[in-house]
Amino acid sequence: MADVNITLDGKKLTAPAGTLLIEACKNAGIEVPSFCYYPGFSLQGACRMCLVKIEKVPKLQTACTTVIGEGMIVTTDSPEIHQARKSMVELLLGNHPLDCPVCDAGGECELQDMTFAYGAAESKYIDIKNHREEQQWSPVVYFDRPRCILCYRCVRVCGEGMDVWALGIQNRGVASVIAPNKEDHLECEECGMCIDICPVGALTSGAYRYKTRPWEMKHIDTTCTHCGDGCRTTLGVRRADTGIEIVRGDNRDKSGINGDFLCIKGRYAFDFVDNEQRIKQPLIRKDGRLTPSSWEEAFELIGRRFAEICGREGGRAIGVIGSSKTSNEENYLLQKFARVVLGTNNIDHHRTGDFPAFARALAGKLDATASMRDVFKAPAMLVIGNDPTNQHPLLAWQIRNNVRLHRSRLYVINSQPIKLRRQATAFAHIPAGSEAKLVALLAGDDSVLDVLVSENTPREALLSLRDRLRGEQNLVIIFGAELRGEEMARLVKVGSAVSGAKFVCLGDYANSRGAADMGLYPDLLPGYLPVTQGKTFREEWGGLPDAPGLTIPQMVDAAKAGQLKALYVVGANPVARFNIDPFAFAKSFVVMQDMFLTETALIADVVLPGANAYEKSGTFTNTCGDLQLLRKAGEVTGTKPDFEIIVRIAERMGFDVRKLVPFGGGMWADMGQSRGAQSGEADRHSVWLEAHGLETKLSPFDPMAILDEIQRLVPGYHVSRRTLLSGTDQHTRIGGPGILHNPELIVPANDDLFTSGTLGRYSRALNSVLENQRRKPVETEVAAD
Amino acid sequence: MCILRDIAAIAKGMSVTFREMFRPTIVENYPKGPGPLRGARFEERYRGVHVLQRDENGLEKCVACFLCAAACPSNCIYIEAAENTAEHRVSGAERYAQVYNIDYNRCIFCGYCVEACPTDAITHGHGFELATFNVSNLIYRKEQLLAPRPAHLGANAVFNRAEVEGGAPPVVAPGE
Amino acid sequence: MKLSDQFEQRFHAMINHYPTKRSVLVPSLLYAQDELGYLTDELIAEMAQRLDLTDLEIRNVISYYSMLTTQPRGKFNVQVCTNIACMLRGGEEILDHCKRKLGIGHKGTTRDGLFSLEEVECIGACSWAPAAQVNYDFHENLTPERMNEVLQDYRRKVHQQENC
């Protein structure tokens, strides 16, 4: 758009036409205070804090609702404006209680800041404040009415941003009040966005209320460990008896891929961390009973048994099952451990998306994957299968807001009437299981129409959908686990006919994509290289087993036949997930490391207490392929990160850990010796590393040492390390030839907003919300505005 | 006559000594003096061991706002907050300090915490006998810092009925 | 929910008249209130479904406008203006008189369900202050005596209908 010349406080500026005055001020570095204005949501003009003087306009104008015009001369601060803002603050404080010492928002309250900046020391209002009791609207949302300043941010974020429309405004004038959708309580997605966006302490979080104060916590940006979307979350931590306690999850730093967004899991479900059922001591099965023991004893036993079995029967007799919730470094290390230390390709994980087939389908097209940020910017989107609102909340947020803010076109094809259909330009409701037929239709095969047509979706609708899709450009195609193997390849082929098309293949867990990228497959090395081809890895590691190993079902069969003598399970629960007969492993030596005694503990001979993603550093790759940093936030005494456990087991097996983890390289440079040999430099450097949750690469337990190797060897991971360390996401490319697997090996997690696999079972917040919902009748979807 | 001059000087000196012998003492006779303070006397402004005050109902004034901890230049105040419930009400507001520790190894008695307190909950008392052979004894817990309950409280058992019925907890005098 | 044919006719005329569906909300609520006496939960759910709104949004609108109510009212809603013009000419005395006469307060309803009383802001009849509005009819230049007659007329009307 054409640029417009304006004068702000005497500075001559140009800004694109259509810019709001408040945004133009912000870009020019002039702060105009506001409560009700929030970028990305509809304008409200309710708080009147942003009043500015525009020349030739008799009265002060609100900067948040004024669009700049040619030649506009604006003053943003003068005694008149200051007085106006002072009066506004005084009015707001007319009924706002001055209970800042007990208010949760104290210290990060916008009204508090404004009062310091503009407020008067005394008020001329002498009436008694109108007190109302605090209300609990849901297990996680509390509302303190007198504190509310009626900026309507919560109403807009709930409706426009989340498409839930659970909050409204009742009455008018001074009697106005924010109201929940069910008279005295909320029935919603419990995302907590209203709490996050509230400028004061009117909406407070049930998980954090009255626990501490903002400045008492240390705030650590890390990546959420729940679904595959990889939201950035800020964990507020403080010291505790048992290590470091996480007291709050929120979205303080809004620069992550999720912008303003976090769902209930990212915001509240960090509390599995200090669940009392957490294992804090290694357990060894003695006389059929898991008995507490020392780490030393456990490592000794595992090292001895693994070495014995390897020596007697070779690596074939050991199976390894990895996790979709451990970091890339741990996954890489685990498969390297299996292949190099144990000498076996018997490694697998719980697969939730067919990434090897995706790599195969995309072969040669390196730029054909969309990042999470691309989804927000695409001019058109096609969603086949899955239910992003429930299973990929951030993806759904990106899609919704792309439609709302950029008028992007959304095409939804699903066997269920999923909620995203409300934003859709076209929605095709197809019979369950006919996604592959639909791909054939898109490819031009009209003979499948009879199967797809239903009373909800007539023939013409399907054909017009196809025509419209063919006319799109830069389409982002998102598909769930409904499409696998050959069917996915066909979709990628059809989609690639659209110019600039990009794809997102959905996997369910926080690091499902990372586990696949890091080669937790019996026939694939990291980067989707078939085991027979991995020349670089073979040279680097000094030899590899050639034959593909066993998948999880094959491991079970081998164990039943007595061929699998040992099983090493890292952070997974195969017994529950694959319905394995617990007696299959009766004769095998089973080692498991996890946070809780899951069903798999029934078959375990040794249980090691592991750490979760909030208690380690490393990286996660989200389902779109965005690589992000994990920073250590919490700590529970007695547990160890999976990385350390794997290295220690290798060490006990008599393996040279330097060959497993290339640590120690660059040590002198890191210690600051090359920069003038000032003794203080090394200290300062280590202080910096410590402050950023990193370790010097002096120890074999440093994940960054493995990240070096990953970036060197895994195709698609050559991203800027410096940008990554600064906390910014980096899009990786999916490379390698890939492979076709049996589609039945993929078992979707089917988590919804309030469940999260094993973690969800141990989260008080999620359980309280679920329990609360069970008490009420099932609510049908609410209508949109 | 230098001997005479010396004797005169001694006599003059001793005369001051003998005169003072029969006057009342000016120095405080601590710790051998009378009373619970053993002869120590204080100005009102003296900044000694802190006292956490109670309100007229016997509830704690502290609402665990952490402002004292934020104001503390030597970072010696540690607080854990918890929520008051109808059954278990400790302070007058929504929140109370579940744990309130002052580390007297670090405290410099500057009084910033007292100035920062919005509810006048923390004040300086006159306790000063902090010396100990064990540094861990210098970390004072809330129970050691709390003011005793007001005497009238037993008569009016509206608040904290359970506690009143169970008998008030023994009060540890500050500094002991 | 079943509504009268007249309502349906008006509703359909309006729904085609406005560019967005929710524009129909306020007039339909008024028509429905005239028929039902007040806005029932059932009606709110019905309107939400017809206009693609949430129940909450409809309640927000109802709570905003003082002439919409979710509580049952009497057959005749006596609305006495006490804004400046009426106040200066004795509007408050009329209101007090009505309170005594009917034995109810602001927003109250008589036990026989005949009258409700409400103190309202300006009804636009300042030239003939003090004024009151009963349902849709205006009564102007009131005195306590005139008010008695007005109320009596309504009572008589009901008796006549009952006797017919």
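Mentor: Let us begin with a definition: two strands pair if DSSP finds at least two bridges between them. Helices (H or I, at least four residues) and strands (E, at least two) are DSSP runs, numbered from the N terminus. This is a predicted model, in which local features need pLDDT of at least 70 and side-chain atom pairs count only at pLDDT 80 or more, while totals for chains, interfaces and linings use all residues. Residues are numbered from 1 along each chain as its sequence is written, and chains are lettered from A and ligands numbered from 1 in the order in which they are written.

Trainee: In what sense do strand 25 and strand 26 of chain A pair, parallel or antiparallel?

Mentor: Strand 25 covers residues 566-570 of chain A. A:Val570 has A:Gln593 of strand 26 as its bridge partner. Over 5 bridges, the sense of the pairing is parallel.

Trainee: How many residues of strand 26 of chain A are buried?

Mentor: A residue is buried if 20 or more other C-beta atoms lie within 10 Å of its own, exposed if 12 or fewer, and partly exposed in between, with C-beta atoms placed from the backbone. In a regular strand the side chains alternate between the two faces of the sheet. Here A:Phe589, A:Val591 and A:Gln593 point one way, A:Val590, A:Met592 and A:Asp594 point the other way, and all are buried. Strand 26 of chain A is thus mostly covered, the buried count being 6 of 6.

Trainee: Which residue of strand 26 of chain A stands opposite A:Val607?

Mentor: Strand 26 (residues 589-594) and strand 27 of chain A run parallel and are joined by 4 bridges. One facing pair is A:Asp594 with A:Pro609 of strand 27 of chain A. Opposite A:Val607 stands A:Met592.

Trainee: Which residue of strand 14 of chain A faces strand 27 of chain A, and in what sense do these strands pair?

Mentor: In strand 27 (residues 606-609) of chain A, A:Val606 and A:Leu608 point one way and A:Val607 and A:Pro609 the other, all of them buried. Strand 14 (residues 283-286) of chain A pairs with strand 27 of chain A over 2 bridges in the antiparallel sense. Opposite A:Val607 in strand 27 of chain A stands A:Leu283.

Trainee: What distance separates the centres of domain 2 and domain 3 of chain A?

Mentor: Domain bounds come from an automatic or database domain assignment. For chain A they give domain 1 (3-92), domain 2 (110-205), domain 3 (283-352 + 520-673 + 702-731) and domain 4 (355-506). Taken over C-alpha atoms, the centres of domain 2 and domain 3 of chain A are separated by 47 Å.

Trainee: What percentage of the residues in chain B is buried?

Mentor: Chain B has 5 helices and 5 strands, in the order α-β-α-β-β-α-β-β-α-α from the N terminus on. Of its 176 residues, the buried share is 22%.

Trainee: How far apart are the centres of the two domains of chain C?

Mentor: Chain C comprises 7 helices and 5 strands, and its C-alpha atoms fill a box of roughly 50 × 40 × 25 Å along the principal axes. The assignment divides chain C into domain 1 (5-64) and domain 2 (76-163). Over C-alpha atoms, the centres of these domains lie apart by 28 Å.

Trainee: Why are the buried residues of helix 6 of chain C placed on the same side, and what arc do they cover?

Mentor: The buried residues of helix 6 of chain C are C:Gly91, C:Ile94, C:Leu95 and C:Cys98. The arc is that of the directions from the helix axis to the C-beta atoms. These residues lie on the same side of helix 6 of chain C because they cover an arc of only 100 degrees.

Trainee: How many residues of helix 7 of chain C are buried?

Mentor: The expected span of a helix is 1.5 Å times one less than its number of residues. Helix 7 (residues 144-163) of chain C, with 20 residues, reaches 29 Å from first to last C-alpha, close to the expected 28 Å. Helix 7 of chain C lies largely in the open, because the number buried among its 20 residues is 2.

Trainee: Which helix of chain C gives the most to the side that touches chain A?

Mentor: Two residues are in contact if their C-beta atoms, placed from the backbone, lie within 7 Å. The contact takes 10 residues from chain C and 12 residues from chain A. With 6 residues, the helix of chain C that gives the most to this side is helix 4 (residues 55-64).
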